[in-house]
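Dear colleague,

Please look through the sequence and the coordinates before you read on.

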Amino acid sequence: MVTLLVQITGFTLLFSMMLKATNNFSINNLIVRGGFEVVYKGVLSVGYVVAVKQLIESEFEGTDDFCNEVEIINTLRHRCLLPFIGCCIRGEECDNQRFLIYEYMSNGNLDNHLFSSMSEKTRLTWSQRKNIILDVAKCLAYLHYGLKPTIYHRGIKPTNILLYANMRARVADFRLAKKSREGQSHLTTRVTGTHGYLAPEYAIYGQLT
């Protein structure tokens, strides 16, 4: 696996690598366009296939959210988490463009296989569904019990569950993640996330346990 230097400034070389890898962010390399991000497939000069996520400015997204995601994911190591490769912020003269680079997942996200028009062609078997559920559960167990302080993801939903070889799952997108403080048994915060995928006590009271 190629290893790239991870830092917040002075990453012009990496940006030039992203331009080359994605063919200048060609529409042919587009994987998905969402409300907060655009993701492109790229191939680095060493042949390593990556996903380049460009964050889109919005009312809820800023440099602090970007730095929060980088700070969290750069310290996580688990086979059920999407592998992080590098990041880039271009300066004010480039509208503070922000990019995250991850390992490319060849089978897309779980939402595609459950709800989109392609689901009939790629119907998941019961065995595959069980493995996906177990992979996500192992990831959450790692975040909740394997780390000090605990990390609350706050965005577990089908679009953030990516699938690689043999339809195994990896959890992505730590934009909304929160760290607990040492010894803290619960965290009360503004309710953020997609309705329908929130724990009831969090949706009602804003309390994560």
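What follows is a summary of what was found, beginning with the whole chain and ending with single residues.

Please keep in mind throughout that this is a predicted model. The protein chain has 209 residues, of which 44% count as buried, and its secondary structure consists of five helices and 11 strands. Among contacts in the chain with a separation of 6 or more, 56% are between residues 24 or more positions apart. The chain exposes about 11700 Å², and carbon and sulfur atoms supply 53% of that area.

The interior

The largest nonpolar core contains 34 residues, and Leu76, Leu143, Ile151 and Phe174 are those with the most contacts inside it. The elements that contribute two or more residues to this core are the helices H2 (63-73) and H4 (126-145), together with the strands S4 (84-89), S5 (98-103), S7 (161-163) and S8 (169-171). Helix H4 provides the largest share of the core, namely five residues. Leucine 143 is in contact with Leu76, Thr150, Ile151, His153 and Phe174, if its neighbours within four places in sequence are left aside. There is also a second, separate core of 15 residues, which includes Ala21, Ile85, Cys88 and Phe99.

Histidine 153 is in the loop between strand S6 (151-152) and S7, and it counts as buried because its relative accessibility is 2%, where the cut-off for buried is under 20%. Not counting residues up to four places away in sequence, histidine 153 touches Leu143, Asn160, Val171, Ala172, Asp173, Phe174, Leu176 and Ala177.

The largest pocket

How many residues line the largest pocket, and which of them lie nearest its centre? The lining is made up of 46 residues, and Glu37, Lys53, Asn160, Asp173 and Arg175 are the ones nearest the centre. Two or more lining residues come from each of strand S1 (30-33), strand S2 (37-43), strand S3 (49-55), H2 and S5. The space in this pocket is about 1100 Å³, and its lining residues divide into 18 nonpolar, 16 polar and 12 charged. Two of the residues nearest the pocket centre, Asn160 and Asp173, are also among those that histidine 153 touches.

Valine 43 belongs to strand S2, and it counts as partly exposed because its relative accessibility is 42%. Apart from neighbours within four places in sequence, valine 43 is in contact with Ala21, Tyr48 and Val49, and Ala21 is also one of the residues of the second core. Valine 43 and methionine 18 are 25 residues apart in sequence, while their C-alpha atoms are 8.6 Å apart in space.

Serine 26 is in the loop between H1 and S1, and it counts as buried because its relative accessibility is 14%. The C-alpha atoms of serine 26 and lysine 41 are 9.4 Å apart, although 15 residues separate the two in sequence. Asparagine 24 is in the loop between helix H1 (12-21) and S1, but it counts as exposed because its relative accessibility is 56%.

Backbone points to check

Most residues other than glycine have a negative phi, and most peptide bonds are trans. Asparagine 24 has a positive phi of about 60 degrees, although it is not a glycine. Methionine 167, likewise not a glycine, has a positive phi near 60 degrees; this residue is found in the loop between S7 and S8, and it counts as buried because its relative accessibility is 11%. The peptide bond that joins lysine 148 and proline 149 is cis, with omega at about 0 degrees, and proline 149 is in the loop between H4 and S6.

With best wishes

Notes: Residues are numbered from 1 along each chain as its sequence is written. This is a predicted model: local features need pLDDT of at least 70, side-chain atom pairs count only at pLDDT 80 or more; totals for chains, interfaces and linings use all residues. Side-chain values use heavy atoms; hydrogens and water are left out. A nonpolar core is a set of buried Ala, Val, Leu, Ile, Met, Phe, Trp, Tyr and Cys residues joined through side-chain atoms within 4.5 Å. Buried means under 20% relative accessible area, exposed over 50%, partly exposed in between (1.4 Å probe, protein chains only). Helices (H or I, at least four residues) and strands (E, at least two) are DSSP runs, numbered from the N terminus. Contact means heavy atoms within 4.5 Å. Accessible areas come from the Shrake-Rupley method with a 1.4 Å probe; for residues, only the protein chains shown count as cover. On a 1 Å grid over the protein atoms alone, a cavity is a set of points where a 1.4 Å probe fits but cannot get out, and a pocket is an open set with protein on both sides within 12 Å along at least five of seven lines; lining residues have an atom within 4 Å of a point. Grid points are joined across faces, edges and corners, and a volume is the space filled by probe spheres set on the points. Ala, Val, Leu, Ile, Met, Phe, Trp, Tyr, Cys and Pro count as nonpolar, Asp, Glu, Lys and Arg as charged, and the others, Gly among them, as polar.
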